[in-house]
Amino acid sequence: GKIINIRHLDQVIKSINGWYQERGLTGMVSYAEILSGGILRLQVSEAEVNNINIRFLDRRTGEPTIGKTKPETILQQLTTKKGQAYNRAQVKRDVETILTMGIMEDVTIIPQPVGDSNKVDLVMNLVERKSGGFSAGGGISSGITNGPLSGLIGSFAYSQRNVFGRNKKLNLSLERGQIDSIFRLNYTDPWIDGDNKRTSRTVMVQNSRTPGTLIHGGEHPDHSPITIGRVTAGIEYSRPFRPKWSGTLGLIFQHAGARDDKGNPMIRDFYNSQLTASGNPYDDTLLAKLESVYTDSGDQSSTMFVFNVEQGLPILPEWLSFNRVTARLRQSYEIGPARLLLSASGGHVEGNFSPHEAFAIGGTNSVRGYEEGAVGSGRSYAVGSGEVSCRLFGPLEGVVFGDYGSDLGSGPTVPGDPAGARGKPGSGYGYGVGIRVDSPLGPLRLEYAFNDKQARRFHFGVGHRN
């Protein structure tokens, strides 16, 4: 109904072309024609994905080779599909998705025109990583031990990241120390075949022997060390259900009990506190688990919220019945060149549970300035922490922190009251300073803390606080 303005028409064409560019789409106005009778015709050409071809390249020579990964496993990960408009931004996200699988060393996607048509073939060049192998290492145990090799722990592991060429993960590991020993077997399918919700499945078997010092430790000369033996097996299903939310459902069986330094079962410690809820040498538990996790981003300083519910199912009369609820929250704020990190955690157990499963308060990942578990052992707990960090130079960071923790008066309600027998205060706070160094293993943390009992203590940790 208006007279055609050639300059205005040029702006319209630029606007349409800009719309495609902003969205990473390959499309443009290829032809504009003014017909008789006041008809204006614009022809828009879009590049359509004709086919997606997968090509494996040798990691040394760069020449085409035969890959171990099934092509359908790769195609399943792609959001770009045949028949869609070619979207450069979407293809870039698909490349990142393939890399996060952990089985590819390099991924590139190259568009190639198909004849004179408005179609493109996508050629995906893949360089596979070495899919598995053996490894060995060592470290320091948090258990309090004696002797010339006190605290040292060695490890041996075998991993396979691409079982059957379908991106399934198999991990087998053994850790052994003066007291600690942990054997783990994990088999994970990151994306169950035929599921459109990206549901993963993990089957786990574990046999561990860990120090019981957090709950049942003591400095009495006649107090022999106690270890907690656990045999655990279970299955878990996880999937994202919102952009920043993920959930996990699981069913786990555990057979656990205490042993003395000779490996004999124990039902009471030196203070005559019971070591099992059932009164038998071992407690059996079938746990139904529900966990929900919110993460603002992959950065450890981002907002995070974790909510976990576990229910003991007394299918057999001797199996334990209890409900355990825990929650963790972390929030970070940028204040000029510094960063303020606030975190809080808490939990409660209702029902009949093993005393060695009580919440241990105090230590490097709890209330600094105290030994591990020295503040309290409760049926309930709450811990809050605040710290201000500032980059000093290079990978070095300085930290000032303060922690507070409490068993909320629940220590005496734990079976056998192990905290009361050992005179733990039930609440306490600590504060101090520290330095952190970025490393391939995560932050190396060295902290010096004071507590409200005027005691002082060094803390060393690897990785971010829980």
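This is a predicted model: local features need pLDDT of at least 70, side-chain atom pairs count only at pLDDT 80 or more; totals for chains, interfaces and linings use all residues.

## Surface patch and selected residues

Leu392, Phe393, Ile435, Leu441, Leu446, Phe458, Phe460 and Val462 together make a nonpolar surface patch of about 860 Å². Residues are numbered from 1 along each chain as its sequence is written, and side-chain values use heavy atoms, with hydrogens and water left out.

**The nonpolar patch**

- Patches are made of residues with over 30% relative accessible area and no salt bridge; like charges are joined within 9 Å, and nonpolar side chains (Val, Leu, Ile, Met, Phe, Trp, Tyr) within 5 Å.
- A salt bridge is a side-chain nitrogen of Lys or Arg within 4 Å of a carboxyl oxygen of Asp or Glu.
- Strand β25 gives the most to the nonpolar patch, with three residues; strands (E, at least two residues) and helices (H or I, at least four) are DSSP runs numbered from the N terminus.
- Phe460 is found in strand β25, and Phe460 counts as exposed because its relative accessibility is 51%; exposed means over 50% relative accessible area, buried under 20%, and partly exposed in between (1.4 Å probe, protein chains only).

**Thr227 in strand β12**

- Thr227 lies in strand β12, which covers residues 227-242.
- Thr227 counts as buried because its relative accessibility is 3%.
- The side chains of Thr227 and Arg209 are joined by a polar contact of 3.2 Å; a polar contact is a pair of N or O atoms within 3.5 Å, where within protein one must be able to donate a hydrogen and the other to accept it, and residues adjacent in sequence count only if both atoms are side-chain atoms.
- Not counting residues up to four places away in sequence, Thr227 touches Ile179, Arg209, Thr210, Pro211, Gly212, Gly257, Ala258, Arg259 and Asp260; contact means heavy atoms within 4.5 Å.

- Gly250 lies in strand β13 (residues 245-259) and is buried, because its relative accessible area is 13%.
- Leaving aside neighbours within four places in sequence, Gly250 is in contact with Ile235, Glu236, Leu287, Ala288 and Lys289.
- Gly384 is found in strand β21 and is partly exposed, because its relative accessible area is 28%.
- Leaving aside neighbours within four places in sequence, Gly384 is in contact with Ser343, Ala344, Gly402, Asp403 and Tyr404.
- The C-alpha atoms of Gly384 and Leu329 are separated by 9.6 Å, and these residues are 55 residues apart along the chain.

**Positive phi in a loop**

- Most residues other than glycine have a negative phi.
- Leu408, in the loop between β22 (396-406) and α5 (418-421), has a positive phi near 55°.
- Leu408 is exposed, because its relative accessible area is 55%.
- Asp417 lies in the loop between β22 and α5 and has a positive phi of about 45° although it is not a glycine.
- Asp417 counts as partly exposed because its relative accessibility is 24%.

- Over residues 47-129 the chain is 24% helix and 39% strand, with the end C-alpha atoms 32 Å apart.

Technical notes: Accessible areas come from the Shrake-Rupley method with a 1.4 Å probe; for residues, only the protein chains shown count as cover.
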